[in-house]
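Hi,

Here is the structure I promised to pass on to you. Have it open while you read, and my notes on what turned up in it follow below.

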Amino acid sequence: MAHYQLKAPLTDEDIDKLYTGDTVTLEGIIFGIRDANLIRLFDHKVDLPEDLKPQLKGAIGLHTAPGVRKLEDGTYEKVSIGTTTSYRMDRFTRGLMKDYGVRVIVGKGGLLDEGSQALVDHKGCYFTILGGSAALETTQVEAIEDIWWEDLMPEAIWKFRVKDFGPLIVSIDSHGNNKYKDIKKIARQNLDNILSEI
């Protein structure tokens, strides 16, 4: 296991060197995404704003609907930027990677089989952030730089500038390794052993 300090957007080389169990700290830009904006994009077929599209190549998506405060000049300041469970947004993973070039998803709880396979097919990773870490996570967001689809508040698309964001755990890598599956397998074996002794 190794620790990496990475700057977004990420390259194929960045992704190739990561394996499950490694930890990562991020610097640069990450994008806040959530159910409502993904449903608009993929289910309702509403295309992304043109100024956003080129920014997503090599991008990191954070599953979040942040608590924010709107200022008099129309910009936003952070209040609480937590992370939500990812698996219910699993079906959007392949489209984000294939169509827009997103390379990493950061969330909680992992992805299902389809999303995990998309990481292998399109050279990506899933980083786990520990539950209950919103207070720390918020301090690691330096600024909210932009917002798209503001009408979906708080499930708009957010552009965050981060520094020392993490540490995050590489839980699913581009090589087909999946910590969530490994843990479930061990838990199943332990349960079977316990039941056999009853």
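Predicted model: local features only at pLDDT ≥ 70, side-chain atom pairs only at ≥ 80, totals over all residues.

In helix 2, the buried residues are Asp35, Asn37, Leu38, Arg40, Leu41 and Phe42. "Buried" is under 20% relative accessible area, "exposed" is over 50%, and "partly exposed" is in between, using a 1.4 Å probe and protein chains only. Helices (H or I, at least four residues) and strands (E, at least two) are DSSP runs, numbered from the N terminus.

Residues are numbered from 1 along each chain as its sequence is written, and side-chain values use heavy atoms, with hydrogens and water left out.

Just after helix 2 comes Lys45, with a positive phi of about 60 degrees, even though Lys45 is not a glycine. Lys45 sits in the loop between helix 2 and strand 3 and counts as exposed, at 68% relative accessibility. Trp149 is another non-glycine with a positive phi, about 55 degrees. Trp149 is in the loop between strand 8 and strand 9, and at 13% relative accessibility it counts as buried. Why point these out? Because most residues other than glycine have a negative phi, and most peptide bonds are trans.

On the peptide bond side, the one from Met153 to Pro154 is cis, with omega near 0 degrees. Pro154 is in the loop between strand 8 and strand 9. Gly166 and Pro167 are also joined by a cis peptide bond, with omega about 5 degrees, and Pro167 belongs to strand 9.

Now for the inside. Which residues have the most contacts inside the largest nonpolar core? They are Leu26, Phe127, Phe160 and Phe165, and that core has 27 residues. (A nonpolar core is a set of buried Ala, Val, Leu, Ile, Met, Phe, Trp, Tyr and Cys residues joined through side-chain atoms within 4.5 Å.) Strand 2 (23-33), strand 3 (60-63), strand 6 (104-107), strand 7, strand 8 (141-148) and strand 9 (157-172) each supply at least two of its residues. Strand 9 gives the most, with six residues. Apart from this core lies another one, of 26 residues, and Leu38, Ala59, Tyr100 and Ile105 are among them.

Take Phe127 as a closer look: leaving out residues up to four places away in sequence, its contacts (heavy atoms within 4.5 Å) include Leu18, Val24, Leu26 and Val170.

His63 is in strand 3 and counts as buried at 1% relative accessibility. Its side chain makes a polar contact with the side chain of Ser86 (2.8 Å). A polar contact is a pair of N or O atoms within 3.5 Å; within protein, one must be able to donate a hydrogen and the other to accept it, and residues adjacent in sequence count only if both atoms are side-chain atoms. Thr64 is in the loop between strand 3 and strand 4 (67-70), and is buried, with a relative accessible area of 0%. A polar atom of the Thr64 side chain lies 2.5 Å from the backbone oxygen of Gly82. Thr64 and Arg34 are 30 residues apart in sequence, but 5.7 Å apart in space, C-alpha to C-alpha.

Last, the charges. How many salt bridges does the structure hold? There are 15, where a salt bridge is a side-chain nitrogen of Lys or Arg within 4 Å of a carboxyl oxygen of Asp or Glu. One of them joins the side chains of Asp16 and Lys123 (2.9 Å, N to O). That pair links distant parts of the chain, 107 residues apart: Asp16 is in helix 1 (residues 12-16), and Lys123 is in the loop between helix 4 (113-121) and strand 7 (125-128).

Asp43 forms another with Arg91, with the closest N and O atoms 2.7 Å apart. Asp43 lies in helix 2 (residues 35-43) and Arg91 in the loop between strand 5 (76-80) and helix 3 (93-100), so this pair ties together parts 48 residues apart in sequence. Arg91 is exposed, at 52%, while Asp43 is partly exposed, at 36%.

Glu77 and Arg69 also meet through their side chains in a salt bridge (2.4 Å, N to O). Finally, salt bridges that share partners join Glu142, Glu145, Lys159 and Arg161 into one network.

Cheers
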